Amino acid sequence: MSTPAAPPEHIEHAEFAWRTLSEALDSVPESDREGFLLRLALLAALDHLDAGTLTELVAEARTR
Amino acid sequence: MYFTPHRHGFTPFASSPPDAAPEPVVIVGAGPVGLALALGLARRGVVVTVLESGDSVSYGSRAICLSRHSLEVLERLGVGERFAERSLPWTSGRSFHRDTEVLSFAMPHEDGDVRAPMVNISQSEAEQILVDEIEATDHCTARWRCRVLDCTERDDHVGVRVETPEGSRELRARWVIAADGARSTVRESLVLRMSGTSYEGRYVIADIHWRAPLPTERRVWFDPPSNPGSTIILHRQPADIWRVDYQLGPDDDPEVETTEERIRERITRHLDWLGNTEPWTLEWSSLYRAHSSSLDSYLHGRVLFAGDAAHLVPIFGVRGLNSGLEDADTLAWTLSSVVHGTAGPELLRTYAAERRAAWRQYVDQAEKSTLFMTPGTHGYAMTRDAVLTLANRRPVLRELINPRQSGATHSRTSPLTVGATEDEPRSLVPGDPVPDHAVRVAAGGARTSGLNAERGPDLAVLALDSEPEALADKVAALRARLAPGVGVRGLATSREAARVHGAALPETTLLDDSAETLARALDADFGEVFVIRPAGLLLGRFPDLEHLGRCDALADHVLRGGSR
């Protein structure tokens, strides 16, 4: 919990992800938000995640 | 005891005689920016009148956080000690999501720093310190209960119509400064409009008197169990006063939510949730909405704009008053040079351009904080919730929660700034604010001081390990051209303590840097020369005194707002 000291490029990527996802969510119809997020997660899984990583991330995202 | 402002009576005065010379400077608004500017001008020998519609300083804490840079400005105005006595320094903060801590941050604070990165003091107290100083200062008059009705541009002056308890008056002024806040009458009378962005989300802000055991740090709760869906910010002020800011929901009625009963109810819920057993009293409250907007230019004929009259920045990151004090600091030396006749009006165009660019820097810094603190759309609200939930598992996300507190702006692209003379990248480049740093003054009995205090409100030539005699000649030549609008000081450092202790030169202050701490803090080579503008920005850095060139040319460059 100490003062964050992430590398600048990681911070820039986090900011980019935050703003891009925020604005993308705002750009889709309210009725399609869930569908949009699912399509996005599916694309990310197919292109960038193996089975083990996807399973771990699903478990992590369940925790609120 | 909560601060109670002193009431000032109206002091009768006549309209400006039509056959007399106009007053040099009239400042509209006795807020912190107008008062700081008045002091900065008066210190440089400019006769200045401040017109204020009210009969006292403002009531309520309002802008409570002063940055380290603002404290440097106030020190140069001669009120640094009083601010230090009456403010509360702080360096760190914590943020919580519901009941879980998700961020702990510390603002930069290093060995050699003269003061804390931030202090808290109510705006009322800050204004009162400045008013008290003005009352003890020559050349400067504050006129209370004088409401400016409008301003009219004439050939060689501005006509200012003023409503007073004894009827209307018209003042004639060479220069008028609009420092009359977000709802500027001067701006309105000149039919000027600010443009920019207004953010969704409103915050109730309140001062409470509360003897709390909590430490002096900024605390923020997102979606706290005490007030689900809201965001609550807590800041300690001196004398057991606490500032509480909390966000209203989109469906909350501001009229209902700003009733005393409702504010008490909301704050009680939160303090009870914190485990509070101490009684507390509500002292003041207001409603706030974030804006990022600005005039296109801060110079219109003979009228200049400063502070909230010129630009607005969101409250998050505490940039409002801190940016206004930068305006006042820059305008004081530029306008003083114009009034004294050492510079032409073109120098004021540089003020206007630099400060407009500074507003842009502030907005760029503030935008992310504002989107996080008051997400105006479903998308930003959803992602903020996700960021807060994941922050302890993905530490990089804590950077998005970090409030990015105000830092001083730079003027790297200003025409006044002399470009870097070396290819090697430095941590301090021309146009940057020069950080204050502890120094040892060698001559006249060694004593500890700060770089900011030693250069004072003047243009400073700081030579590291150079010949003090050669520096003294340069200083004298620059002073001959720049004074009285701008004073000039020479500061020479030496690593040779024996020589330093034996030296005595009238034009320079000798600093003992035998430990080389100042050189390291400035990322400087020995022999290097730093020219520091009166408002603390680095005008240029030069390999040695020879590279400074002719002092006449450097003085012309400064007085023309950049022509070198």
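Which strands of chain B does helix α7 (residues 260-273) lie across? In this predicted model, helix α7 of chain B lies across β12, β14 (231-237), β15 (241-247) and β16 of chain B. The helix runs at about 100° to β16(B).

**The eight-stranded sheet**

These strands belong to an open sheet of 8 strands in chain B. The order is β6-β5-β13-β14-β15-β12-β16-β19, and the pairing is mixed. The edges are β6 (100-106) and β19 (311-312) of chain B. Each has a single partner strand, so one side of each is left without a neighbour in the sheet.

Within the sheet, strand β12 (residues 195-210) and strand β16 (residues 280-294) of chain B run antiparallel. They are joined by 13 bridges.

**The three-stranded sheet**

Chain B also has an open sheet of 3 strands, in the order β3-β7-β4. Here the pairing is antiparallel. β3 (65-67) and β4 (88-90) of chain B stand at the edges. Each of them pairs with a single strand, so one side of each is left without a neighbour in the sheet. The twist averages 35° from one strand to the next.

β3(B) pairs with strand β7 (residues 118-120) of chain B over 3 bridges, in the antiparallel sense. Leu66(B) stands opposite Val119(B) in β7(B). Helix α2 (residues 68-76) of chain B packs on this sheet and touches β3 and β7 of chain B. The direction of helix α2 makes about 80° with that of β3(B).

| Helix (chain B) | Reference strand | Angle |
|---|---|---|
| α2 (residues 68-76) | β3(B) | about 80° |
| α7 (residues 260-273) | β16(B) | about 100° |

**Nonpolar cores**

The largest nonpolar core has 119 residues. Val25(B), Leu37(B), Ala38(B), Val176(B), Ile177(B) and Ala306(B) touch the most other members. Helix α8 (residues 320-339) of chain B supplies the largest share, 9 residues. The core draws at least three residues from each of domain 1 (23-88 + 116-194 + 292-368) and domain 2 (438-559) of chain B.

Which residues does Ile177(B) contact, leaving aside its neighbours within four places in sequence? The contacts are Val25(B), Ile27(B), Val28(B), Gly34(B), Leu37(B), Leu304(B) and Ala306(B). Another core, of 43 residues, lies apart from the largest one. Its members include Tyr203(B), Trp221(B), Phe222(B) and Leu312(B).

**A buried arginine**

Arg455(B) lies in helix α12 (residues 451-455) of chain B. Is this residue, Arg455(B), buried or exposed? Arg455(B) is buried, because 26 other C-beta atoms lie within 10 Å, and the cut-off for burial is 20 or more. Not counting residues up to four places away in sequence, Arg455(B) touches Ala460(B), Arg489(B), Leu491(B) and Ile532(B). Arg455(B) and Leu491(B) are 36 residues apart along the chain, yet their C-alpha atoms are separated by 7.5 Å.

**Contact between the chains**

The contact takes 17 residues from chain A and 21 residues from chain B. On the side of chain A that touches chain B, helix α1 (residues 8-27) of chain A gives the most, with 10 residues. The residues of that side divide into 8 nonpolar, 4 polar and 5 charged.

Conventions: Residues numbered from 1 in each chain as written. Chains lettered and ligands numbered in written order. Predicted model: local features only at pLDDT ≥ 70, side-chain atom pairs only at ≥ 80, totals over all residues. Core = buried A, V, L, I, M, F, W, Y, C linked by C-beta atoms within 7 Å. Buried ≥ 20, exposed ≤ 12 C-beta atoms within 10 Å, placed from the backbone. Helix = DSSP H or I, 4+ residues; strand = E, 2+ residues; numbered from the N terminus. Domains from an automatic or database assignment. Contact = placed C-beta atoms within 7 Å. Pairing = 2+ DSSP bridges. Axes fitted to C-alpha atoms, helices over the stretch in contact; angles between N-to-C directions. Nonpolar A, V, L, I, M, F, W, Y, C, P; charged D, E, K, R; others polar.
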